[in-house]
Amino acid sequence: MVRPGVFILIICLIWPTILFAAEFTASVNRNQVAVGERLSLMLELSSASADGQPEVAALNTYVDVTPGGQSSKTSIINGNFSSSTRWQYILIPRKAGTITIPAISIQTSDGAAKSQPIELAVSKASSLPDA
C-alpha cells in the first residue's frame, strides 16, 4: 500500500507538468475558399520554446505554402511568466474538394507537440465575365 505522503509528493511533482505542458494550436482565417484564393494559417506555441520550425512540408500536397512571418511574445505579470511564438503561412489551394490540413508537429523544449487537424471546403475558382 502506498503511503499518503508519497502519493501527495508524486501529485505535487506531476501537477506543474500537467499545468504548464506545451500547447500547439493551428487556426485559419476562413474554412471556405475557392481554388487559387489565399487564406492564412496561424500556428501558435505556448508554454514552451520551439526547437526549430513547424513541419509544414506535408501541406505541399494540397496547397501552395508561403511563409508569412514569425513573432514571439513574452510577458511577466505579477511574477507569472508566459511566452508564445506564432508562425503565419499563406496557403493557396490547388484543387477543389474537402481538404484536411493534417496535424502539424514541432519540436519543443518539452518534446514534440502537435496541432489539431483543420478541414477546408475548397470550391472551384470563380470566373469573372470578360469586360
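Helices (H or I, at least four residues) and strands (E, at least two) are here DSSP runs, numbered from the N terminus. By that reading the protein contains 1 helix and 9 strands, and along the sequence they follow the pattern α-β-β-β-β-β-β-β-β-β.

The model is predicted: local features need pLDDT of at least 70, side-chain atom pairs count only at pLDDT 80 or more, and totals for chains, interfaces and linings use all residues. Residues are numbered from 1 along each chain as its sequence is written, and side-chain values use heavy atoms, with hydrogens and water left out.

**Stop one: confidence.** Colour the model by pLDDT, the predictor's confidence in each residue, from 0 to 100. The average is 84, and 80% of the residues score at least 70.

**Stop two: the open sheet.** Select the 4 strands that form an open sheet in the order β1-β3-β5-β4, with antiparallel pairing; two strands pair if DSSP finds at least two bridges between them. At the edges lie β1 and β4 (63–77), each of which pairs on one side only. The twist from one strand to the next averages 15°, with axes taken as lines fitted to C-alpha atoms and angles running from 0 to 180 degrees between N-to-C directions. Zoom in on β1 and β3, which 6 bridges join in the antiparallel sense. Here serine 27 stands opposite methionine 42 in β3.

**Stop three: the core.** Now show the largest nonpolar core, which has 23 residues. Such a core is a set of buried Ala, Val, Leu, Ile, Met, Phe, Trp, Tyr and Cys residues joined through side-chain atoms within 4.5 Å, where buried means under 20% relative accessible area (1.4 Å probe, protein chains only). At least two core residues come from each of β1 (23–28), β3 (39–46), β5 (80–93), β6 (97–101) and β9 (118–123); β3 gives the most, with 4. Phe24 is among the residues with the most contacts inside the core. Leaving aside neighbours within four places in sequence, phenylalanine 24 touches residues including Leu43, Trp87, Ile106 and Ala113.

**Stop four: the hairpin.** A hairpin joins the two strands through 2 residues, and isoleucine 106 stands opposite alanine 113 in β8.

Terms used: Buried means under 20% relative accessible area, exposed over 50%, partly exposed in between (1.4 Å probe, protein chains only). Contact means heavy atoms within 4.5 Å.
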